[in-house]
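Thanks for asking me to look this one over. Please have the model open beside you while you read.

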Amino acid sequence: MGNYEWESVSDSVTLVSVTLTGSTVRIHGSSRVLGPAHTGMRQASSIAFKRTSIQPPTRTQARTMFIQTATTPNEDALRFIPGVPVLDNAEESALRTVEFTSPREGLGSPLATRLFSIEGVRGVMFGSDFVTVRKEPDYPWQLMKPDIYAAIMDHFSSGRPLLRQEEARESAGEADSEIVSEIKELLESRVRPAIQEDGGDLDFVSFDEGSGVVKIRLRGACRGCASSTVTLKHGVEGMLSYYIPEVTSVEDVGDELETQAKKEFNKLEAELEGKT
């Protein structure tokens, strides 16, 4: 097995060719540095490893998928672009994403379940044409990438559905006020496309007309990213307050909602254990 090193700087894009032949996965990778001083530099690598979870077919078959890897502002999150549609948005917004923040949540998707089985993975998000994977800080990408490439290629080559069942996301609540509709429109048309380019996303949570505070939930690569606070205050908050004077500030309540959900889940588990 040859030595190899993957570029992890923000100006680089990595393209790999994943080939499955029998029970052996071979990954050929090249990294092109996009900065002006390094245009044209390439690093290439080839790695082969055995996958015990797949039985060798009677005939030797080879399947190849080119997977592009793009860095994000969060060094612990990468976008994997398999070159095929990921999340089917034909009948919905092209900006729709689905995120899983724990192995339990990941049970709703065969691919997410497979990715969470890789040591170090802490979050998975699907977009229209990409998969964002978040990892624990102590785990190096160069040890995790081969398993991630194999999981993505194996899933899309199998023809299995991405989600085990579609989530019913629409709620039959009251109609949005004019201000809330304007906020959602700006987030949808001006903010989310830019954030998704970096492998992240956000959800609108609420707007307090008394205080002027907009609450959102950052997702994907934006979660735990050091630059997300700057983006939130100088980017999202500045734009919303410019177009909608009633907006005074924007807050990310993702961690708060996650903590609350975990408390409710632990409470339910305790009640169930008490009945047994």
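The numbered points below go from the whole chain to single residues.

1. Ground rules. This is a predicted model, in which local features need pLDDT of at least 70, side-chain atom pairs count only at pLDDT 80 or more, and totals for chains, interfaces and linings use all residues. Residues are numbered from 1 along each chain as its sequence is written, and side-chain values use heavy atoms, leaving out hydrogens and water.

2. The chain overall. You will find five helices and eleven strands in the protein chain; these are DSSP runs numbered from the N terminus, with helices being H or I of at least four residues and strands being E of at least two. Of the 276 residues, 43% are buried, where buried means under 20% relative accessible area, exposed over 50% and partly exposed in between (1.4 Å probe, protein chains only). The chain exposes about 15700 Å², with carbon and sulfur atoms supplying 50% of it; accessible areas come from the Shrake-Rupley method with a 1.4 Å probe, and for residues only the protein chains shown count as cover. Among contacts (heavy atoms within 4.5 Å) between residues at least 6 apart in sequence, 61% join residues at least 24 apart.

3. A nonpolar core here is a set of buried Ala, Val, Leu, Ile, Met, Phe, Trp, Tyr and Cys residues joined through side-chain atoms within 4.5 Å. The largest one has 27 residues, and Phe80, Leu115, Phe126, Val131, Val133 and Ile148 touch the most other members. Elements that each supply at least two of its residues include β4 (62-71), β7 (121-126) and α1 (110-116). Helix α2 gives the largest share, seven residues. Take a look at valine 131 too: beyond its neighbours within four places in sequence, its contacts include Leu78, Phe80, Leu115 and Phe126.

4. Strand β5. Five of the five residues in β5 are buried. Ala77, Arg79 and Ile81 point one way, while Leu78 and Phe80 point the other way. In a regular strand the side chains alternate between the two faces of the sheet. β5 pairs with β8 in the antiparallel sense over four bridges; strands count as paired if DSSP finds at least two bridges between them.

5. Histidine 155. Why is histidine 155 counted as buried? Histidine 155, in helix α2, counts as buried because its relative accessibility is 3%. Leaving out residues up to four places away in sequence, histidine 155 touches Pro110, Leu111, Arg160, Pro161 and Leu162.

6. The three-stranded sheet. Further along, an open sheet has the order β9-β10-β11 with mixed pairing. Its edge strands, β9 (200-208) and β11 (249-252), each pair on one side only. Eight bridges join β9 to β10 (residues 213-220), and these two strands run antiparallel; leucine 202 has leucine 218 as its bridge partner in β10.

7. Helices on that sheet. Helix α3 (residues 178-197) lies across β9 and β10, at about 165° to β9. Helix α4 (residues 228-243) packs on the sheet, touching β10 and β11, and its direction makes about 145° with that of β11. Axes are lines fitted to C-alpha atoms, for helices over the stretch in contact, and angles run from 0 to 180 degrees between N-to-C directions.
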